[in-house]
Every structure is written in C-alpha cells, then in structure tokens.
Amino acid sequence: MSNIKFPENFLWGGATAANQFEGGYREGGKGLSTADVMTGGTHTTARRITPELEVGIYYPSHKAIDFYHRYKEDIELFAEMGFKTFRLSIAWSRIFPNGDDKEPNEKGLEFYDKVFDELAKYGIEPLVTLSHYETPLHLAKEYDGWVDRRVIGFFENYVRTVFTRYKDKVKYWLTFNEINSALHFPLMSAGIWTPKEKLSKQDLYQAMHHELVASALAVKIGHEINPEFKIGCMILGVPNYPLTPMPSDVLKAMEQDRGNLFFADIHARGEYPKYMNRYFKENNIEIKFEEGDKEILKNTVDFISFSYYMSSCATADPEKNKAGEGNLIAGVPNPYLKASDWGWQIDPEGLRYILNFFYDRYQKPLFIVENGLGAVDELITDENGNKTVNDDYRINYLNDHLVQVAEAIEDGVELMGYTTWGCIDLVSASTAELRKRYGFIYVDRNDDGTGTLERYKKKSFDWYKEVIATNGGSLKK
C-alpha cells in the first residue's frame with residue numbers, strides 16, 4: 001500500500017455521453033440528433049454523415065449499448081465499484097425533439113428523473129453535461145447549428161427546463177463538452193451543417209461566440225435557479241510542448257496552446273483575451289457582439305473541467321511539422337513517448353503538467369472528467385468459469401496517470417474529482433468503433449452491431465474498486 005492519499009470527499013467515478021451509450025434513439029418521444037445520422041467508421045476512416053437516415057446503413061448511436069433499457073443494471077455495477085460520481089449527458093433532442101420546440105417532451109424528462117433517482121439510491125452524485133456532441137438534427141439542418149444566434153434562445157429554453165426540473169437532484173453541471181473541439185469538428189461539436197471545408201473562419205468563430213454566450217448564460221440561469229449549483233466548462237486538454245528548445249518552437253507551442261486556451265480564458269475570466277485580437281485581425285474575423293453579450297460573459301464558471309488523453313509537440317519547422325494520429329487535435333509526435341493502438345501518445349506526466357498549468361492560470365477548482373485508454377480487449381473465460389478481460393495495460397495506464405494526479409495535488413492543485421472515460425464500453429465518438437474499448441465493464445457488442453449486450457467485469461473493475469475504497473492508497477508509484 002502506497003502513502004498516496006487524495007482529498008476527503010474526492011469525487012471518484014466514470015464518464016459517458018448519451019449518444020455513445022444510451023441508445024433508444026426514437027423511444028420516449030426523442031428526436032434525431034446529429035449523432036443519429038453518423039454511420040460507423042474504422043480505425044483509419046472517419047464516420048460518414050447522411051442527410052437522412054438510410055435503409056441498410058448501420059448507425060451505432062441508435063442502440064449503442066442500450067443504457068436506456070439497462071440503466072438500473074449499469075448503475076448497480078457503478079455502485080459496486082464505489083463510484084462517488086457518474087458523469088452522463090442529457091440528450092437535448094430527448095427533451096426538445098427538434099430543439100426549437102416551445103414545450104418539452106415529458107417522457108424524456110421522466111427518463112432522466114428515473115436515472116437520477118437510481119443514482120441517488122446508491123449515493124452517487126450525477127455530473128451532467130448539457131450538450132455533448134449531439135445537437136438536435138433540426139437545429140443543424142435548419143439553422144446551421146450555432147452559426148445562427150437564435151440557437152442561444154433555444155438552448156436557454158432547454159437549460160431552464162432541465163435546471164428547474166432537476167434542481168434538487170443534480171448539483172454538478174457542465175455546459176458544453178470539449179467546446180474547443182468545434183474548431184476541428186464543427187458538425188459533431190457545434191451542430192454546424194455547412195461542411196468544414198466550406199465554412200469560413202468568420203462563421204466558425206461567430207458560432208463559437210454564440211456558444212460562449214450561451215454557456216455563460218447557463219451559468220447565470222443555473223445560479224438563479226439554485227445557488228448551490230456548481231457549474232463548470234469543459235475543454236479538450238492537450239498540452240503542447242516545443243519540439244526543440246529553439247525559441248521559434250517555444251513560440252509555436254504557445255500559439256497552439258492559446259488556440260485552445262482562449263475558450264477556458266473566457267469561461268474563467270469573463271472576457272475575450274487580448275491575444276486573440278491579433279489572430280482575428282490577421283484572419284479577417286470580426287466577432288459581432290450583441291447588446292448585453294459582454295455582461296453575460298462575466299458570469300464565470302465555478303470550476304474548470306477537461307479531458308486529457310495525450311500531449312503533443314509543436315514546431316515552426318515546416319519539414320518537421322507533420323501531425324501524427326491523435327485525439328480530436330493531432331500534433332507533432334513526441335519522440336520520447338510511446339503510443340496506444342490508436343496512435344495516441346501516452347504521457348502521464350503531461351497530466352500533472354496541465355493540472356498545474358490550468359490551476360496557475362485560473363486559480364479555480366479543476367475536475368478531470370475524461371481520461372482513459374482505448375484498446376482492443378479480448379474476452380476470455382477464467383479458471384472459475386467467468387468471462388473477463390485481463391486488461392493489465394489499462395490498469396497500468398490509469399495507475400500511472402493517477403500517480404501523477406496525486407503529485408499535482410501535492411503541488412497545490414485544487415482538484416474536485418476524476419472520472420475515467422467510458423467506464424463501461426461504449427461507441428467511439430470519432431470512428432464509432434466498439435472494439436476501441438475503455439471500460440471497466442465489457443459490453444458484448446461488435447462494430448457491426450451484433451452481440452448480446454451482456455456485461456462482464458474486466459480485471460480493471462476490481463482494481464478501480466480498490467483505488468476508490470482506499471482513496472488512492474492502493475496506487476503503485
């Protein structure tokens with residue numbers, strides 16, 4: 001047993017997203033979302049978007065892993081691991097099927113009532129993302145998503161509805177998942193129907209402005225409805241190291257960091273950072289502020305949450321500036337790091353670095369809401385006749401990252417909690433593969449949609465259970 005200890009009341013748990021694990025895509029009055037018209041993909045092939053649902057095409061989100069019907073079974077497994085919190089998202093199109101409806105869908109609201117009640121039965125705090133990669137399809141096709149300022153009003157109606165409905169059931173909220181990813185995947189992240197290659201930087205950054213205003217408005221509304229709410233932003237965290245000590249590489253790393261950090265800067269500080277003025281000027285971008293926008297943005301978040309899977313490198317040398325595979329943001333590979341099966345570079349110390357970086361910059365509580373290893377797992381039968389997965393590679397990955405989290409806490413970082421991504425196997429956001437597994441719980445479902453959907457505990461299930469039970473004391477330095 002190590003001498004590692006995490007803070008009392010540390011929120012240990014796992015993270016998911018409705019479009020990647022919920023299923024029930026047309027049940028209970030749910031409307032279509034952008035995720036529902038995204039087909040499957042492969043390790044090297046991106047998902048395809050169809051304007052309408054096509055017969056004979058497999059859409060992984062339609063059934064996903066069927067949490068919609070199996071939520072009691074799954075929550076019981078989370079409770080067995082000792083979860084203190086569970087991150088999930090509300091499907092906007094389950095509450096407002098078209099997004100611009102005047103009245104909410106009661107059956108959708110009732111579904112989340114049941115989920116939150118089930119979590120409460122086990123003393124698990126919900127951590128709820130309001131918008132996680134699934135804008136209502138109608139808003140994407142009719143309004144071009146967040147390009148249209150009217151979507152702020154539709155989001156406000158949705159936010160007021162769920163905040164009011166669940167004000168006594170949910171304390172922790174996130175506004176937009178990985179909001180900075182919209183710069184790279186505008187449809188998936190921001191519901192922008194215009195193809196990326198035809199989308200102007202002006203329209204893209206104006207859409208981001210609308211989202212940032214909507215996020216700040218959600219903070220304002222939430223605190224009015226329940227002053228006890230803790231509302232955070234969520235960004236994709238990828239620290240950029242200079243590839244060499246060359247000053248030009250150091251400046252390039254700073255520039256790449258700022259491209260992502262400005263989202264967190266606005267959420268935490270309540271105004272646009274001045275360094276964006278030059279970028280906007282050089283790219284002929286002029287953000288249109290409506291009356292009241294500056295005041296709304298001053299409603300800053302209570303905490304900063306982020307995903308962390310990898311770091312990347314930056315260089316000003318065009319000969320070396322060749323991106324490797326990666327998460328939503330690909331950078332130059334680091335020659336000192338190993339990579340996962342999907343080419344994501346493994347850098348536990350990068351997590352300690354980014355925790356310190358964020359805390360030094362914002363002086364606000366932090367929350368790691370995604371971290372994990374996607375891998376091909378082999379389901380086997382053990383000596384007791386039980387089906388399981390010997391995923392020591394996942395245990396080692398998470399152990400090494402959590403040791404660095406403990407170091408960051410020792411450095412003085414104020415950290416609220418840690419939720420591993422895909423605590424139960426789910427559909428990959430980027431490629432829709434099921435074989436890219438993250439969970440402590442194996443789900444019998446394949447890339448072509450076949451499988452029994454039965455759940456099996458992996459070796460990492462008991463490992464994480466012990467980590468939580470010992471509040472990190474079982475981790476190995």
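These questions and answers cover a helix pair, a pocket and the cavities of a predicted model.

The model is predicted, with local features needing pLDDT of at least 70, side-chain atom pairs counting only at pLDDT 80 or more, and totals for chains, interfaces and linings using all residues. Residues are numbered from 1 along each chain as its sequence is written, and side-chain values use heavy atoms, without hydrogens and water.

Q: Are α12 and α13 roughly parallel or roughly antiparallel?
A: Helix α12 spans residues 348–362 and helix α13 residues 392–411; helices are DSSP runs (H or I, at least four residues) and strands likewise (E, at least two), numbered from the N terminus. Their axes lie 8 Å apart, at an angle of about 30 degrees; axes are lines fitted to C-alpha atoms over the stretch in contact, and angles run from 0 to 180 degrees between N-to-C directions. Angles under 35 degrees count as roughly parallel, over 145 as roughly antiparallel, 65 to 115 as roughly perpendicular and the rest as oblique. The pair is therefore roughly parallel.

Q: Which element gives the largest share of the lining of the largest pocket?
A: A pocket is an open set of points on a 1 Å grid over the protein atoms alone, with protein on both sides within 12 Å along at least five of seven lines; a cavity is a set where a 1.4 Å probe fits but cannot get out, and lining residues have an atom within 4 Å of a point. The largest pocket holds about 990 Å³ of space, a volume being the space filled by probe spheres set on points joined across faces, edges and corners. Elements giving two or more residues to its lining are α8 (201–225), α9 (247–269) and α10 (275–282). The largest share, 8 residues, comes from α9.

Q: How many charged residues are in the lining of the largest cavity?
A: The largest cavity has a volume of about 90 Å³. Its lining includes Ile235, Asp257, Tyr353 and Phe358. Ala, Val, Leu, Ile, Met, Phe, Trp, Tyr, Cys and Pro count as nonpolar, Asp, Glu, Lys and Arg as charged, and the others, Gly among them, as polar. The lining has 9 nonpolar residues, 2 polar and, as charged, 1.

Q: What is the volume of the second largest cavity?
A: Tyr309, Trp342, Trp344 and Lys436 are among the residues that line this cavity. By class, the lining has 7 nonpolar, 4 polar and 1 charged. The volume is about 60 Å³.
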